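Trainee: Could you walk me through reading a packed helix pair and a sheet? I would like the general idea and then the case at hand.

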Amino acid sequence: MNGLALLAAGGPLLFAAGLAVGRLPARRSARDGTDLGTPVARATFRTLHTASLAAPPLRAGLTVDASRKAVRRLRPLFGTAALGLTAEDRLLAWDGPGRHHEDAALDRVRQVLDTGRTQVFAVGCRDPQCPVRWGAAAPLTVDQRVLGALVVLGAGESAPAVRATEEVARWVSVQLELADLDRTRTGLIEAEIRALRAQISPHFVYNSLAAIASFVRTDPERARELLLEFADFARYSFRRHGEYTTLAEELRAIEQFLELVRARFGPRLEVTLQIAPEVLPVAVPFLCLQPLVENAVKHGLEESVERARITIAAQDEGATARIVIEDNGVGMEPDRLRRILRGEGGSAAGIGLRNVDERLRQVYGDDHGLVIETGVGAGMKVTIRVPKYRAGVHSEPPRTAARGAGGLRRHDR
């Protein structure tokens with residue numbers, strides 16, 4: 001019994017086992033003890049492996065490059081002459097002989113686009129050496145929209161081959177839906193970063209420039225240094241590329257932010273950094289720490305007349321990096337904090353905390369949201385645990401600054 005026959009007999013649930021064509025060693029045992037010596041087991045293993053190779057290109061969407069890579073992986077599943085992928089009625093990729101039948105195939109693809117149903121058709125060819133005499137075109141759908149078609153061409157029509165074409169088209173459609181979700185998630189993260197930038201800019205920019213202006217006559221060199229810090233911080237905060245950065249880059253931006261805060265509050269601000277060097281290269285979501293430090297400054301300085309102490313610590317915990325930001329400010333009622341994190345604290349209240357918490361959960365999962373300890377008059381301690389390695393999380397190359405990044409200070413001046 002060949003692969004297509006297995007599919008016809010087993011239905012959709014045997015898609016993985018049924019499409020495999022080719023041979024593996026006569027007997028092989030999987031790690032879980034499964035015997036791969038039977039034809040069905042070998043077919044299952046072969047097809048799952050092939051599908052795993054075809055999936056990553058399709059997660060980029062229905063593009064020419066992704067389609068070209070995918071069809072090369074998918075055609076062996078059928079053992080047929082040729083395979084093609086289209087976006088609407090435009091051919092993106094073709095693998096195998098019979099390319100001179102492209103126009104006939106696209107005529108059927110247009111019917112697929114109109115009806116949303118699989119089209120089976122005969123192919124007339126005067127070339128006796130051409131292996132193509134039959135074809136099937138199945139729809140690729142995302143959110144009930146037909147985006148294109150999967151076209152399979154071979155020597156002769158068979159019910160199992162039509163079933164196989166439809167099953168693979170459904171699998172390709174799932175990969176395209178996942179690609180669409182990835183784009184939606186990326187757009188959401190970018191929107192949240194824009195919201196953070198909108199929060200940072202008016203209040204912080206005005207106060208920073210006012211503080212710099214106060215030094216222009218009394219200490220011009222100090223004013224110049226602060227302007228450079230402000231320029232570097234603004235360049236980092238408003239950059240337009242990259243969802244992720246390194247912990248070192250994020251800490252450098254925080255140091256620039258705190259230097260500008262010191263210009264306003266002087267000795268009232270005491271900052272301690274406790275950073276393990278081995279976690280500095282860890283990739284983190286862009287602007288995931290600065291809003292937390294800004295929150296600590298707000299509750300520790302702007303809402304209190306006492307001396308503010310802020311501690312920023314980052315430790316290596318094996319597979320994760322543990323980051324803690326702690327202040328001795330006015331703190332907050334736990335119930336109010338819970339409302340803020342649920343988005344019930346008003347448009348301005350806690351936007352930084354809520355934004356960072358949601359982004360961490362989106363990237364790493366619900367187990368990696370903010371852990372916050374606080375109480376009225378008890379300050380606030382925010383803990384983040386970031387996996388050192390996570391698929392899809394890669395930092396951008398370090399930015400080019402107007403001057404060297406310099407080293408991280410262990411304590412404030």
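Mentor: Happy to! Let us start with a definition: contact means heavy atoms within 4.5 Å. Keep in mind as well that this is a predicted model.

Trainee: Now the helices. At what angle do H7 and H8 pack, and how far apart are their axes?

Mentor: In general, two packed helices are described by the angle between their axes and the distance between the axes. Here helix H7 (residues 220-237) packs on helix H8 (residues 247-265) at about 140 degrees, and the axes are 9 Å apart.

Trainee: What word describes how H7 and H8 lie to each other?

Mentor: Angles over 145 degrees count as roughly antiparallel, and 65 to 115 as roughly perpendicular. H7 and H8 are therefore oblique to each other. The crossing of H7 past H8 is left-handed.

Trainee: Which residues in H7 and H8 meet?

Mentor: From H7, the contact includes Leu226, Phe230, Phe233 and Tyr236. On the H8 side, Ala253, Phe257 and Leu260 are among them. The contact divides into eight nonpolar, one polar and seven charged residues.

Trainee: And the sheet: in what order do the five strands come?

Mentor: The order is E7-E9-E10-E12-E11, in an open sheet with mixed pairing. Strand E7 (269-275) and strand E11 (371-374) are at the edges with a single partner strand each, so one side of each has no neighbour in the sheet. From one strand to the next, the twist averages 10 degrees.

Trainee: How many bridges join E7 to E9?

Mentor: There are seven, and the pairing of E7 with E9 is parallel. One of the residue pairs to look for is Leu273 with Ile312 in E9. By contrast, E9 (residues 308-317) pairs with E10 (residues 320-327) in the antiparallel sense, over eight bridges. Thr311 has Glu326 in E10 as its bridge partner, and Gln315 stands opposite Arg322 in E10.

Trainee: Which strands does H8 lie across?

Mentor: H8 lies across E7, E9 and E10, and runs at about 165 degrees to E7.

Technical notes
Residues numbered from 1 in each chain as written. Predicted model: local features only at pLDDT ≥ 70, side-chain atom pairs only at ≥ 80, totals over all residues. Heavy atoms only, no water. Axes fitted to C-alpha atoms, helices over the stretch in contact; angles between N-to-C directions. Helix = DSSP H or I, 4+ residues; strand = E, 2+ residues; numbered from the N terminus. Parallel < 35°, antiparallel > 145°, perpendicular 65-115°, else oblique. Left-handed = near helix turned anticlockwise from the far one by under 90°. Nonpolar A, V, L, I, M, F, W, Y, C, P; charged D, E, K, R; others polar. Pairing = 2+ DSSP bridges.
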